[in-house]
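This briefing is meant for a reader who is meeting the structure for the first time. Please keep the sequence and the 3D view at hand while reading the points that follow.

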Amino acid sequence: MSARLRSAYSRRVRLGVLVVLAVQCLSGTVLGVQPASANENPVLVSGRALDPRVNPDGSLQRAMAVDQPASDLVAEFGLDPKAEIAPVASWSMKASRAVRLNLFDGATVDLMAGRLFLTTLPIFNQYLTVSEWGQTVSWSTDGNDPNGSAVGTLTLARTSSTPWRLVGGTIETGKNEYLVEYDFDHEQALVIDAPYNDGKPEFDNFEAPPARQVNVGTDVSTASTPGNGVMSIASTPTPGTRVDVLAVAANGVLLPNALFYVASGLNDMTATLANSSSPGFETANASMALVGVISLPYTQAGVQDQDVWNLESGNAGLAGALTARNLVAADLVALIVPNQVQSSPTSVCGQGRPAGWASVETIETSPSCQNRKAVTHELGHNLGAGHENATMPYLSDSFAYPAGTTASACSVVHTTTGCRKLIYSTPYRSFPGTTTVAGSASRFNAHVVSDLLPVAAAFRTPVAPFGRNYTAVPPTRVLDTRPPSSVGGYNTPFAVNTARSVAIAGLAGVPLSATAVAITVTVVSPSGNGYLSVYPNGTSWPGTSTMNYNLGQVKAATAIVQLGGFGHIAVLANSTTDVVIDVVGYFGGSVSSTNKLGVLTPTRVYDSRTLTIFGNNEPRSINTISAGVPSGAVAAVVNITVVGSTLAGFVSVGSGTSTLNYPAGGAVASNMAIAPLSGTNINVYVSASTHVIIDVLAYLGPSGVHGFTAMPPVRLNAGTSLPAGYNNTQVANIAGIPANAGAVVANVTGVFPTLPTYLTTFPAGTSLPGISTVNVAAGQVDSNHTIVGVGSSYSVTTFNPAGTITYILDVEGYFSP
């Protein structure tokens, strides 16, 4: 095939859905089907001749630099090249214009009007957060001629941080093959002529490696998989069948290169499916789509079979691949590595589990693995296609051609790389640009691929959130932006009013099917007074706050947050600050949890002011049974208040992470907590001497009756001026919250009181409990979460004992039978 690229960053990629077209090319001549009205006004691709390349055998290979800017080509195809990439995964197709390529020595190739696919996909970092988005435009000829006409594609691609580039393409005619490649060294697209063929065979040991235990990860939804993810036989695909693929970039592979390389291979594979289709084996009904790319700190094993084993089991740094696969519902996974999978005793540039979901491919910037069509080849094995004379006991049709036959030898899964053409062996179709039949009636890969495509397309289905019950997890840190201890992929403070997504599902014991997460979120040393908001990822800021803080403060808040896109939450602060997030539990996502909410009359169960002050680094066990917490409950919903501290410190409830931070000097601080229970006791630890007050609001356990429904935060009281006294806010039978809601998760904020005061929020129509929800100093702003029962008139009551205060109430979810 083609000569080696000019640098480690030069590469050839192909992208597009390739279908058939009758074109033959001679120097200075256009041959083939005459353009119809649909083929008039073609998109023109032309350029400047470059010095020929010298191949290892001394032959010359012509090359041309493409003149048109990639953004102009995007516009020619009817798209807006300046439009920002919308952060939403999408895949769409439309009819498109013809293409004319002006090539070497006056040669011209006309490619008929075809199809254009626009794909937008997430790019994940190792922390499972979306670091940026990628977008590909793939154009291809459109046709389905069984007599073997030529095929052609062009591919353009970009990421959020890189401009449009013409990154690849393939043109196969009966007389020649042309490739489009992007030369990263010189920042230009190239068209090369007659790819160099070294004639060397490559044996990728497509036979299945010995069976090993397969860790399918969290929340996997699969079809029948008899052993190691091997697919069972189905039937020919129906129109619109799509197989989704996740690309994994290992150490040593530049992430954009992996995106371009795999997208190219997938579209070559879609071309192969189209070229191989025939009645009864309608592979053209299916297509391949790249649905995500993730970069992981995986070091290539360098031993055949080991990379596939590691991918299937999630070992050696590849656990994130299994989680990301489930996040994007990818049917197949391609691990892209920088070097040969094996170099001795034979050349191996890829390996694919036959009739399975895992494959590994060497990126084509590797000098020893250029122009191998490795992605298309190995994913062909995933779909059951076999080498020219291989035997597979469970897929008897997966052979390229009978022994001794050479006329139909070339196919995309041939062992000789120079013989790899975009077609599977089939007796019913000819090679592009020829009348040579690509296979025999006794053995042809198109049969088994046709059978397996419907199974592959359903191999992973999107994980749907479900359930309303609570599951406690050991407190686990998922975010810390402080550089010495950074967790979660960010090591700088939050910028002003700039949201960041934080990965939750798939981490900290939270399944992908969870609906909401219970967290403790802490701000550290903010640059000014302000607020922090946590809400579902992929949604706009709802105009609510999760906590309010002051300059330089360390402050924690407990929140229950609906999980958004990819199982993430979004976090936004309106001043520069470091942020720490610990997960303490989740709702939904479990068929075994029976823990629901039991609403209790708010009750003060502990006040050290009537006993003795906590000493430094002192733990105490506090019983909650007097508030009605039953035996068997897994957690108590409590409000913790500290009073009279002499030094700054923190309170931890049931874990080694902080639940409430407090300053020196005796200021009052409060925070709601979902406290794990030991029997009916909660374990409280205080780092610096202070008084502690514990109020019990509710419990979570098997005897509870209310399940939780997550929702984006909504402001139900936008700011009521409240003199000393009471005010009601409707919280049910409004804003999507049903009339039968038994309790809501609310954030209560007090703003600029005229006197030091506190607010108590409780069910309307009930007696004022002897507790506080949030304490607010005069002239300050403070907030706290609570789980409060819904009272009469679907409302809750808020009480202010002194002065005048403005209060705000946001609801973040509700509990109902």
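Predicted model: local features only at pLDDT ≥ 70, side-chain atom pairs only at ≥ 80, totals over all residues.

Helices and strands are taken here as DSSP runs, a helix having at least four residues and a strand at least two, and they are numbered from the N terminus. With that numbering, Cys410 is placed in the loop between α5 and α6 (445-457).

**Cysteines**

- The structure holds one disulfide, which is formed by Cys349 and Cys369, with their sulfur atoms 2.0 Å apart.
- The link of Cys349 and Cys369 is left-handed, with -80 degrees about the S-S bond.
- Cys349 lies in the loop between β19 (332-337) and β20 (350-352), while Cys369 lies in the loop between β21 (358-362) and α5 (374-382), so the pair ties together parts that are 20 residues apart in sequence.
- Cys349 and Cys369 are both buried, whereas Cys410 is partly exposed because its relative accessible area is 23%, which falls between the limits of 20% and 50%.
- Leaving aside neighbours within four places in sequence, Cys410 is in contact with Cys419, Lys421, Ile423 and Phe431.
- The C-alpha atoms of Cys410 and Arg420 are separated by 5.6 Å, although these two residues are 10 residues apart along the chain.

**Aromatic pairs and charges over rings**

- A search of the whole structure finds 14 aromatic pairs, and one of them is the tilted pair of Trp91 and Phe117, with 5.1 Å from centre to centre and 40 degrees between the planes.
- Trp91 lies in strand β8 (residues 90-95) and Phe117 in strand β11 (residues 114-124), so this pair ties together parts that are 26 residues apart in sequence.
- Within this pair, Trp91 is partly exposed, with a relative accessible area of 30%, whereas Phe117 counts as buried at 4% relative accessibility.
- Tyr470 and Phe587 also form a tilted aromatic pair, in which the centres are 5.0 Å apart and the planes stand at 50 degrees.
- Because Tyr470 lies in strand β22 (residues 470-480) and Phe587 in strand β29 (residues 578-588), the pair ties together parts that are 117 residues apart in sequence.
- Tyr470 counts as buried at 1% relative accessibility, and Phe587 counts as buried at 1% as well.
- One aromatic cluster is formed by Tyr470, Phe587, Phe708 and Phe815.
- Arg460 lies over the face of Phe459, at 5.7 Å from the ring centre, and the charged end of Arg620 sits over the ring of Phe614, 3.9 Å from its centre.

**Nonpolar cores**

- As background, nonpolar side chains tend to be buried together in soluble globular proteins.
- The largest nonpolar core has 135 residues, and of these Ile519, Leu532 and Ile569 touch the most other members.
- Helix α2 (residues 255-275) gives the most to this core, with 11 residues.
- Leaving aside neighbours within four places in sequence, Ile519 is in contact with a set of residues that includes Val534, Ala557, Val561, Ile569, Ile581 and Val584.

Key
Residues numbered from 1 in each chain as written. Heavy atoms only, no water. Disulfide = S-S within 2.5 Å. Buried < 20%, exposed > 50% of the residue type's maximum accessible area, 1.4 Å probe, protein only. Phe/Tyr/Trp six-rings, centres within 6.5 Å; stacked < 30°, edge-to-face > 60°. Lys NZ or Arg CZ within 6 Å of the ring centre and 35° of its normal. Contact = heavy atoms within 4.5 Å. Core = buried A, V, L, I, M, F, W, Y, C linked by side-chain atoms within 4.5 Å.
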